[in-house]
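Hi,

Here is the structure I promised to pass on. Have a look at it first, then read my notes below.

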Amino acid sequence: MSKILKEYTYTPAKIDKGYSGKSLYIHVGDLRIEEKEVTEFMKEKFVGGKGFDLWYLWHAVTPETRWDSPENEIVMSAGPLGGITQYSGTGKTLVCAISPLTDIPIDSNVGGYYGPLLKFSGWDALELQGKADKDILIFIDGNKGHIIIEEADDLPEDSHLLAEELTSRYAENEQDKVNVSVVSTGSAAKHVLMGMLNFSFYDPRRKTVRFKQAARGGLGTIFRDKHIKALVVKYKGIKGDTNNPADLATLNRVGIKYHKQMHDLDDKQNAMRKIGTANTIMVMDKYDLLPTRNFQTGGDPDAYKISPQVFINEYLTQGIHDGCWYGCTMSCAKTADHFPLKTGPYAGQCVTVDGPEYECAAGLGANLGIFDPQAVLEQNFYCDTYGIDLISYATTVAFIMECYEREEISQEDMGGLDLRFGNAQASLELMHQMSRGEGFGPLAGLGIKKLKKIFVERFGADENLLDDIGMENKGLEYSEYLHKESLAQQGGFALTNKGPQHDEAWLIFMDMVNNQIPSFEDKAYALYYYPMFRTWFGLCGLCKLPWNDIVPADNYLTDTPAKVPEHVQNYVEIFNAVTGKNIDKEELILQSERVYQFQRIFNIRMGKGLREHDSAPYRSMGPVTREEYLSRQERYDKQLQELQGLDPSTMTLDEKIAKTRAYREKQFELLTDAVYKRRGWTNNGVPTIERLQELGMDLPMLLEIIKPHL
Amino acid sequence: MKALHHRQEICTGCLACEIACSTAYFKTEDRNKSSIRILNNDNTFHANICTQCGECINMCTAHAIYRDRNGVVRINKHLCVGCMGCVGFCSELAMHYSDDLPEPFKCIACGICVKACPEGALEILMSKS
């Protein structure tokens, strides 16, 4: 039995219209536990989820706070809709902290049961501050109103072992395991800056613990720096009315309508129930969007080897529920069961691999030049159990591989690893080094921004080239979409609050394939509306996928098919049904914008958040190298003629590359101008007082930050 | 497998089956709480009843639906979380719900309606599948 360091009893607050009205603060350094009131002001201005996280984080830190400062907090919240069972994608937890990769707030949206069970245990949010001096575990029993902090030195580090052990420890029997959820990371998180958090849920059919990830921005790294080994929550009694909604009948009606759409249409649309997000691999390849070999090209003749059909036919268990929260009939959280590992400390064991998600197959597959589904899944497993964000990992290693192949760094610089494109064994060994804290692993785990500097200063690499091909913005690695031909998506990645993650805006098809937003104003509107709309999922505890990864059969007949109007109305109705409020689709956007502007000003407070921090590496805009240009020469030559009136037949290759670059960089600047204007920002990216007044967000604490920049 | 079978050629649409069902399980004469629903289509009476096909078993998001030893598909109310996913997913539209009930409900081929039917239009059939 581990030594108990602190016990705390409380009376679990009754949930009222989606809120418990209380949040939990734990200082893991001095073991202080406090209860805080969730105020009407917080609900009105910040709604919940990411909004509550950012509000608490703002008050916890100063402009000087960095990721490893004791006052940095990991804050998590499920949001008012989090935990309802009637609609798909309603079990999300939003997690925020000051990121080790970006030095500004990161926010991550994660499935699994922790957030909803935390709320039903009486807590709308959880703040974790301070640093423990030894490894600890925090257990919350939401039925008994009991919190225990205990030593956790004796527990395994890797998530698949740790969460299994803790789920068994805290469940009374097999049937009780679904009532336990664990937050953990893995052995690599204390050696890299791209550590992530696993949120567990027990799968009673497979009789195993499964995971979803709060992956981006180094949350797992902070978790281990605080010496937290695991968070465990237990709550038994989930029903359709546990969230105590104002209008259960509407929740039932809207939910059933949605479930029926899923039943009738998923097979005809994205087959999310069969393959999940990886359904798009071959679509991305077809449209030159699948990032290949560090985003050099958008596809590869070998992409079929990691196609959805390969995973469906050979690896992924079919035909049973795979949701990461109750009621999610999209059921996209697929697994490869009984998967035999070939490398690392668990070689020879058969495990359950949660995935592959699209990002995994695209990142750990195509972007590393690895077209081997077995290797994709093995990397997927090890990233997860070691606690490594596989997006940052894939984009960073793709960068390293290109640096190596262009002889900017040597095999010796990488401690002997032969990290060339396609070498899955070298990538796996790098992961194992990250886990052990040995060799090249910890260096690679610093992420692209820091590696660029190190490669230049230590290994003599070409600084300009590395700036061009290192796919990071604000310090965060790009997620896995090639977007050189979509100006709107260049903005969708770079003009973000937390860094280039596609959950703010994914406009490639609207922009590039369907040409629905041709003008700068059209693109600027899209880069206003969609980031705001998608932010709302994070305020409420929702998943984005059920919004548009299935659409009503007659959606194409609407005025704005890309918005999926019927599903937007569903969200308006379920929000009102839970909270008893009376918002409409316009107010929904304003709810988001209040938090979006707050986060932008938070970035400015932390020393970023201005125009210079929204710049993008040229690899995201156009062809950096001769090979890149030549690989799509017909396209680029045609653009020189049509867009610039130039005659490519009279130009050298280098001249064509230079003219293309000058044009595209100018386009990006013009886009930035238009987007800033639409978002109510100055030309330097600072929210204006007028816009904040319109939103009711002209709070003195915010005005104090922006006034010196106006 | 045990399942309720309806013979529409002799059904008169008296709805005694619906009343018997809702009364037995929910103590009310309310067809919205009956697991058998008789639908009148130009005086031809069609019964909306569970075929015990089991499509809902694997899709259940709480692993609460199972087939019992008689082959009847049943809902474990202790495990059900009231998501109503099975209501939307039932191809026969034979999984029902009511806003004042925490779980959906369905025909479990108990035979109460068979006894209540004055015309003998309902029977419980056993099949090997």
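**What I found**

Chain A has 27 helices and 17 strands; helices (H or I, at least four residues) and strands (E, at least two) are DSSP runs, numbered from the N terminus. Before you go on, please keep in mind that this is a predicted model, where local features need pLDDT of at least 70, side-chain atom pairs count only at pLDDT 80 or more, and totals for chains, interfaces and linings use all residues. Residues are numbered from 1 along each chain as its sequence is written, while chains are lettered from A and ligands numbered from 1 in the order in which they are written.

**Overall shape of chain A**

Along the principal axes, the C-alpha atoms of chain A fill a box of roughly 80 × 55 × 55 Å.

Of the 710 residues in chain A, 58% are buried. Buried here means that 20 or more other C-beta atoms lie within 10 Å of the residue's own; exposed means 12 or fewer, partly exposed is in between, and C-beta atoms are placed from the backbone.

**The core**

The largest nonpolar core has 255 residues, and Leu219(A), Ile388(A) and Val397(A) touch the most other members. Helix 12 (residues 390-405) of chain A gives this core its largest share, eleven residues. Such a core is a set of buried Ala, Val, Leu, Ile, Met, Phe, Trp, Tyr and Cys residues joined through C-beta atoms within 7 Å.

Leaving out residues up to four places away in sequence, Val397(A) touches Leu368(A), Leu419(A), Ser427(A), Leu430(A) and Ala444(A). Two residues are in contact if their C-beta atoms, placed from the backbone, lie within 7 Å.

**Domains 2 and 3**

In chain A, 19 residues of domain 2 are in contact with 22 residues of domain 3. On the domain 2 side, helix 16 of chain A supplies the largest share, three residues.

**Helix 21 of chain A**

Helix 21 (residues 565-579) of chain A has 15 residues and reaches 21 Å from its first C-alpha to its last, close to the 21 Å expected at 1.5 Å a residue. The expected span is 1.5 Å times one less than the number of residues. Its buried residues include Tyr571(A), Ile574(A) and Phe575(A). The buried residues of helix 21 pack against helix 6 (248-265), helix 19 (520-540) and helix 22 (585-605) of chain A. Just after helix 21, Gly580(A) takes a positive phi of about 80°.

**A loop residue**

Is Ser649(A) buried or exposed? Ser649(A) is exposed, because 8 other C-beta atoms lie within 10 Å. You'll find Ser649(A) in the loop between helix 24 (633-644) and helix 25 (653-678) of chain A.

**Where chain B meets chain A**

Finally, 17 residues of chain B are in contact with 25 residues of chain A. Helix 3 of chain B gives the largest share of the chain B side, four residues.

Cheers
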